[in-house]
Every structure is written in structure tokens, then in C-alpha cells.
Amino acid sequence: MKAYCLYFDGECNLCHRSQLRVVRWADRAGITLQVETLQGSAYAEAGAMILICDGREWRGVAAWAEMTRWGPWPIRVLGALSRVWPFSSVAAGVYVIIARNRYRWFGRRSCPVRPPGDSAV
């Protein structure tokens, strides 16, 4: 089984809730998923959620499309559509709009939560 690593914005409420959902999907699908936070300059440099597996890297909406493969069937359908033109262009545009406004619409975590198993203080 492939092992994936997900990097997300640890300061973003939406990103935090989303990664919790994706972790549940991965568990149910039997996918090994390691989760790491990107904060401050590390996230600014990355610019988007990142998913890595076997040397492949997906960013932003492409990462979401890949992770939807593990979700319940309606999510898998939406993910499949987001990989096909013209829906891929719409999905990319929606991702950019949400990413730009995520703090304003969903807020920041005052104390960013680290992923389970992270012992950093």
C-alpha cells in the first residue's frame, strides 16, 4: 500500500477541519497518511496544500482531487469531475478564491494544532 504525506496550512481553520476529514477518509480506505503542518514562511513558500506519494507531488486543487479518491462516493464523483476539462478549470478557480479568502471567511487558529504524534512544543 502506498504511503502519502499531506502538508497543510496549520493556521487555517478550514484547512484544519479539512485535513481531519481527509484523515478519516484515508483510515476508512486503508491508506497510510502522514499529516504535517506548514506555517508562516513555509506555507507562504508552498502556496497551497501539498500531497506527496512515491516521488509524485500534487498541489492545491490537484491534491484535493487525488484525496477525493478515498472519500465517500459523492466526493469521489466530484473529484473525478474536477480532473476533467472544463470542470478542472472551474475547480482550480474555486480553489484559488477560497485559498485567498480562507482566513477572512473561516478564521485563523490562535494556537495552531499540530498533527497527532507531533511532540514538538
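Author: Helices (H or I, at least four residues) and strands (E, at least two) are DSSP runs, numbered from the N terminus. This is a predicted model, in which local features need pLDDT of at least 70 and side-chain atom pairs count only at pLDDT 80 or more, while totals for chains, interfaces and linings use all residues. Residues are numbered from 1 along each chain as its sequence is written, and side-chain values use heavy atoms, with hydrogens and water left out.

Reader: Which peptide bond is cis?

Author: The bond from tryptophan 85 to proline 86 is cis, and its omega is near 10 degrees. Proline 86 belongs to the loop between H4 and H5.

Reader: Turning to the sheet, in what order do the strands stand?

Author: The order is S2-S1-S3-S4, in an open sheet of 4 strands with mixed pairing; two strands pair if DSSP finds at least two bridges between them.

Reader: And why is one side of S2 and of S4 left without a neighbour?

Author: Strand S2 (32-38) and strand S4 (56-59) are at the edges and have a single partner strand each, so one side of each has no neighbour in the sheet.

Reader: How many bridges join S3 to S4?

Author: There are 4 bridges between strand S3 (residues 50-53) and S4, and the two strands run antiparallel. Across this pairing, isoleucine 50 faces arginine 59 of S4, and cysteine 53 is opposite arginine 56 of S4.

Reader: What lies between S3 and S4?

Author: The two strands make a hairpin, with 2 residues between them. Aspartate 54 sits in this loop. Phi of aspartate 54 is near 50 degrees, a positive value in a residue other than glycine.

Reader: In what sense do S1 and S3 pair?

Author: S1 and S3 are antiparallel, with 3 bridges. One of the facing pairs is cysteine 5 with isoleucine 52 in S3.

Reader: Lastly, which residues lie nearest the centre of the largest pocket?

Author: Val61, Trp64, Val94, Tyr95 and Ile98 do, out of 26 lining residues. On a 1 Å grid over the protein atoms alone, a pocket is an open set of points where a 1.4 Å probe fits, with protein on both sides within 12 Å along at least five of seven lines; lining residues have an atom within 4 Å of a point.

Reader: Which elements give two or more residues to that lining?

Author: Strand S1 (3-9), helix H1 (13-29), helix H3 (61-67), helix H4 (73-81) and helix H5 (87-106) do. H5 supplies the largest share, 8 residues.
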